[in-house]
2 protein chains.
Amino acid sequence: MAYTVDFEPIGRRVEAERGETLLDVAQRGGIGLAAVCGGAGTCGRCVVQVMSGTVSPPSESERERVGVERVRKGYRLACQARVHGECKINVPPSSLTTQQRTQIEGRGQEVAPDPLVQSFGVQLAPATRQDLRSDATRLCDALQEQGLGCLRVDLAAAQRLPGILRSHDWQATVAVMHDKVVAVLPPHNPPLGIAVDLGSTKLAGYLVNLSNGEILAAQGMMNPQIAYGEDVMARLTYAVQHAEGGRQLQEVIVRGLDDLARMLCQRAGQDADDVIEAVIVGNTAMHHLLLGLPTAQLGTAPYVAALSEPCDLVGRDIGLAFAPDVFVHILPNIAGFVGADHVAMLLGSGIYKATDVVLGLDIGTNTEVALKVGERLYTCSTASGPAFEGAHISSGMRAAPGAIERVWIADGAVRYQVIDGLPPVGLCGSGILDAIGQLRKIGVLDDRGAMSLAHPRVRQGERGPEFVIVPRSESGNGSDIVLSRADVSEIQLAKGAMRAGAEVLMAQAGISVGDLDRIVIAGAFGSYIDVDNALRVGMFPPLPADRFDQVGNAAGVGARLVLISREQRALAAEIALQAEYVELTNDSRFAMAFAEATLMP
Amino acid sequence: MAYTVDFEPIGRRVEAERGETLLDVAQRGGIGLAAVCGGAGTCGRCVVQVMSGTVSPPSESERERVGVERVRKGYRLACQARVHGECKINVPPSSLTTQQRTQIEGRGQEVAPDPLVQSFGVQLAPATRQDLRSDATRLCDALQEQGLGCLRVDLAAAQRLPGILRSHDWQATVAVMHDKVVAVLPPHNPPLGIAVDLGSTKLAGYLVNLSNGEILAAQGMMNPQIAYGEDVMARLTYAVQHAEGGRQLQEVIVRGLDDLARMLCQRAGQDADDVIEAVIVGNTAMHHLLLGLPTAQLGTAPYVAALSEPCDLVGRDIGLAFAPDVFVHILPNIAGFVGADHVAMLLGSGIYKATDVVLGLDIGTNTEVALKVGERLYTCSTASGPAFEGAHISSGMRAAPGAIERVWIADGAVRYQVIDGLPPVGLCGSGILDAIGQLRKIGVLDDRGAMSLAHPRVRQGERGPEFVIVPRSESGNGSDIVLSRADVSEIQLAKGAMRAGAEVLMAQAGISVGDLDRIVIAGAFGSYIDVDNALRVGMFPPLPADRFDQVGNAAGVGARLVLISREQRALAAEIALQAEYVELTNDSRFAMAFAEATLMP
């Protein structure tokens with residue numbers, strides 16, 4: 001095959017001949033691109049965006065169906081655009097027949113709701129010729145009778161007040177924050193909040209009833225910025241190298257948040273107008289890109305943030321359209337790339353208050369590592385990269401239907417489990433890790449990752465030895481699904497980075513592996529991995545498997561706690577100040593530890 | 001002539017034949033429409049907007065020159081569009097060769113500057129590998145060393161901070177409001193503020209150096225909403241009767257504010273990024289339309305405001321583009337249509353603290369009347385209408401070059417003074433008032449406004465008797481400039497409304513004309529009128545002319561005081577609470593007083 005076509009955000013790389021349509025290539029790659037008309041160019045469903053590379057020029061009918069403005073931005077019909085070279089294609093969620101799996105649940109602390117926004121029901125006396133008080137004055141007077149003094153009414157609340165009062169017999173629910181009426185809702189509607197974990201790869205959102213803390217809906221989606229760079233460094237580079245690059249990335253993530261919030265409201269049957277507050281957490285790069293903060297100084301040494309303090313704003317300050325008046329609280333960052341998401345993870349998992357010795361890893365494209373020893377809390381960030389998301393892996397893909405998520409190899413036989421039980425088309429992160437762990441177990445891989453050619457399933461591929469996990473006769477797309485020596489190297493680098501981070505923190509705290517009581521693994525990928533195989537690969541310090549705790553999206557849990565509790569919000573600010581950041585690019589110990597950590601036990 | 005073409009915002013009505021171009025009609029009306037190419041349709045300078053009525057369909061070349069989107073909104077080339085019926089044309093300022101005169105100066109209180117925003121110069125230590133504090137933390141630490149504790153940095157300030165620090169050797173000027181750093185400026189740039197008086201007809205803006213209170217520039221312009229209705233009632237009706245009407249009027253006035261602010265900055269050679277704060281005052285209707293507040297309940301009995309309290313927001317909350325981060329303080333309204341502009345006028349003129357008995361009138365399309373007696377301060381609003389702006393007057397026009405602003409009639413001779421000394425093309429408000437006062441003086445008008453046909457200059461016109469002030473042989477547009485009996489009636493109604501308002505307030509306070517010590521006349525029109533002629537017309541209670549004080553734009557003065565002084569801001573809030581509002585539509589005394597007040601002494 002002549003060229004590689006990279007389909008994002010699903011992370012599938014498919015070989016293609018010059019002249020093939022993108023739809024044909026996607027289908028061969030097992031990507032469920034919508035094509036209602038069967039590729040005739042009439043249904044307009046298979047819209048994709050060409051991010052880079054060369055495809056055939058757009059036809060007149062495509063311009064008509066997709067729109068001239070969007071064609072200018074690279075949008076095409078996959079059934080019409082033909083491969084003319086290497087290219088990178090963004091597949092919007094609306095063009096996919098099936099959705100990617102995103103981990104949104106997390107286990108962690110629970111607290112009694114005590115949100116910043118308090119809500120009250122009011123019944124006002126109607127305006128008359130004898131009582132000409134403005135609606136806002138009338139409302140404040142009534143609240144004062146209920147014992148709430150000295151209130152002001154925010155503009156957004158005042159805009160909605162006259163309509164709600166006059167269509168509900170002068171009744172309303174009002175939301176009060178500090179000394180301000182910040183929102184007015186129809187009577188009996190509870191004020192709503194949204195907590196969002198803004199990952200480099202995935203977004204997870206929770207719609208919460210602020211009056212009782214109940215989760216009304218949860219929703220995950222891919223981070224649409226992936227099309228502009230798989231990891232945060234690539235995106236920071238994009239922001240610096242393109243005029244308006246930063247603004248473009250902000251626009252993309254804000255539209256993503258809009259979509260996420262709308263899905264949450266739709267799923268719960270709630271009105272977006274009733275969403276009063278949002279809490280958003282993300283690493284420092286995501287934080288800066290979301291807030292439109294300059295990133296040039298963050299992407300180059302000494303890697304300094306523009307803003308690390310907690311930040312309060314309203315939706316329209318960053319262009320949120322689903323609820324321009326929503327109050328947004330952004331958790332503080334710690335330092336470097338260790339951001340608000342890690343603060344939320346430390347809060348949500350309870351690590352910040354652990355009395356035993358705990359190592360915590362929030363595994364993602366960036367992996368944050370924390371170590372709690374006594375009163376002290378150390379943190380660092382490692383660039384583990386997107387290999388565990390299936391990127392740069394021969395048969396890699398993200399955790400979408402058709403991905404192999406579990407692998408067992410014994411007695412020469414290979415068994416596997418596929419997401420949604422479909423015919424397999426690739427390997428997602430947990431499947432890759434399983435395969436390497438199993439191959440290490442049976443001795444096909446040595447401690448340096450070298451692959452023995454002795455096993456009957458190992459063959460010499462174009463780029464070195466490779467192990468055939470699924471022969472093409474069994475696969476869903478007519479191609480062999482393999483794990484290559486090069487793939488093993490990618491994983492060695494990824495797991496080596498996070499392991500080395502853990503080692504540096506232990507050195508900093510003056511403890512050794514024997515002092516660790518438990519290891520908490522957070523993050524979407526972390527909840528799907530098989531700890532035994534991860535230990536075989538040497539990803540974590542060697543503790544017995546029962547001392548590992550896979551808590552899922554703890555950052556999401558933390559964001560939700562901050563949304564519903566003032567006490568938790570204050571705790572988050574404390575955690576950010578208390579945590580001691582270790583800059584690894586500064587640390588000679590890291591280079592040493594990294595070399596060693598790439599080895600397998 | 002077949003049709004009347006109404007040119008707004010200049011307020012000139014010109015008769016036209018079917019098929020004449022709008023440019024020809026405008027030129028005959030003395031309106032200085034830009035036509036660089038002489039009407040060939042090639043320069044594209046004479047763009048006007050057809051608000052209502054019938055003109056010829058747009059040509060292909062017009063579409064090309066004006067743009068399809070703008071043509072859809074009624075924009076046309078005046079040299080190409082031909083009159084096909086009655087129509088109303090909006091002339092944007094950019095299409096005028098000369099600007100309309102707008103009163104922006106005002107006399108009043110002066111105070112020592114003590115703005116809400118305090119500014120400080122800082123010099124920070126550069127970030128290094130050993131000192132990884134975020135820019136915001138670094139700034140707060142430095143300010144703390146200067147004795148300012150516990151500060152937060154606003155998002156907008158954090159967005160600008162890294163760039164300014166790194167391009168100015170880690171120096172900056174920072175603006176602090178309450179406990180927040182709200183803006184960061186290049187070192188040595190003073191923070192700027194803008195005060196705006198948002199009149200129904202005219203906007204007046206002042207650019208102020210917040211660190212010393214100095215006025216750097218002043219600028220007036222027409223309120224672009226005029227094209228949607230000459231008085232506030234017409235605009236409220238427009239807002240209610242059109243879907244998105246309120247939003248449209250908000251958009252128009254916000255774009256007007258953007259233009260005004262840009263002109264101010266340009267005139268003073270200042271950067272809009274350095275504008276930190278703005279104070280805006282307007283009557284209740286302008287206030288609601290600016291803030292996007294619902295107006296249905298304001299336009300119908302019992303005429304209740306959505307919000308009357310002081311309001312703080314940022315530019316982007318209402319869509320201000322020139323400085324989305326600017327902090328905007330909106331003064332409180334009193335009640336009914338007596339709004340923040342009147343609060344500012346009472347503050348700026350000092351009436352609120354007068355120890356003598358003072359009647360104050362802020363004359364405009366709506367005229368607010370105030371009466372200070374002892375500790376009490378009464379206010380009301382009267383719909384004086386746009387007649388004094390030249391609307392609905394046979395030869396009326398606004399105070400633009402070519403308008404007659406002074407008239408003397410004696411011994412059968414008529415003398416007049418024209419703005420900019422041009423050949424006369426119409427009468428502006430002060431000219432109309434002069435003409436009526438002089439005609440009353442020489443007995444051509446009786447106390448009911450009836451016009452005697454005995455004077456040689458009086459003739460029977462199409463709509464009753466009219467007095468020829470300038471025969472067409474002397475005029476600048478080949479038409480007679482006349483004052484008709486119907487014109488006199490319009491003025492009788494306008495002055496009757498404000499006079500009746502004054503009478504009701506005096507009745508409310510239990511005083512009579514003899515108790516008045518002085519009369520303060522504020523507003524643009526009020527500064528140009530001849531008090532003797534106004535008294536002849538019966539516009540004001542009969543006090544000797546030397547007890548009148550014409551203070552100009554006192555509302556603008558008040559807005560500026562509030563911008564530069566925290567004490568004045570608090571006083572404004574007090575004035576709004578202290579003022580006793582009298583609702584005239586509720587008051588049987590008003591109808592009685594009005595009938596009598598239409599008479600001339």
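Buried area is the accessible area, taken with a 1.4 Å probe, that two parts lose on being put together, summed over both. The legends below describe a predicted model, in which local features need pLDDT of at least 70 and side-chain atom pairs count only at pLDDT 80 or more, while totals for chains, interfaces and linings use all residues. Residues are numbered from 1 along each chain as its sequence is written, chains are lettered from A and ligands numbered from 1 in the order in which they are written, and side-chain values use heavy atoms, with hydrogens and water left out.

**View 1. The interface of chain A and chain B.** Between them, the two chains bury about 3200 Å², and 60% of this lies on carbon and sulfur atoms. Arg129(A), Leu132(A) and Leu155(A) supply 19% of the area that chain A buries against chain B, more than any other three residues. The contact (heavy atoms within 4.5 Å) takes 40 residues from chain A and 40 residues from chain B.

View 2. A salt bridge is a side-chain nitrogen of Lys or Arg within 4 Å of a carboxyl oxygen of Asp or Glu. Two salt bridges are found across the interface of chain A and chain B. One of them joins the side chains of Arg316(B) and Asp317(A), at 2.9 Å from N to O. A polar contact is a pair of N or O atoms within 3.5 Å; within protein, one must be able to donate a hydrogen and the other to accept it, and residues adjacent in sequence count only if both atoms are side-chain atoms. Across the interface, 14 residue pairs are in polar contact, both residues being at pLDDT 80 or more.

**View 3. A stacked pair in chain A.** Rings of Phe, Tyr and Trp (its six-membered ring) pair if their centres lie within 6.5 Å; planes under 30 degrees apart count as stacked, over 60 as edge-to-face and the rest as tilted. The count comes to eight aromatic pairs over all chains. The ring centres of Phe590(A) and Phe594(A) are 5.9 Å apart and the planes are at 20°, so this pair is stacked. The two residues are four apart in helix H17 (residues 588–597) of chain A, and are therefore separated by about one helical turn. Helices (H or I, at least four residues) and strands (E, at least two) are DSSP runs, numbered from the N terminus. Phe590(A) is buried at 18% relative accessible area, whereas Phe594(A), at 25%, is partly exposed. Buried means under 20% relative accessible area, exposed over 50%, and partly exposed in between (1.4 Å probe, protein chains only).

**View 4. The surroundings of His287(B).** His287(B) sits in helix H8 (residues 284–291) of chain B. With a relative accessible area of 3%, His287(B) is buried. Its side chain makes a polar contact of 3.2 Å with the side chain of Asn333(B). Beyond its neighbours within four places in sequence, His287(B) is in contact with residues including Leu293(B), Leu307(B) and Ile330(B).

**View 5. Backbone details in loops of chain A.** The peptide bond from Ala301(A) to Pro302(A) is cis, with omega near 0°. Glu244(A) is not a glycine, yet has a positive phi of about 65°. Glu244(A) lies in the loop between helix H6 (232–241) and helix H7 (245–268) of chain A, and is exposed at 53% relative accessibility.
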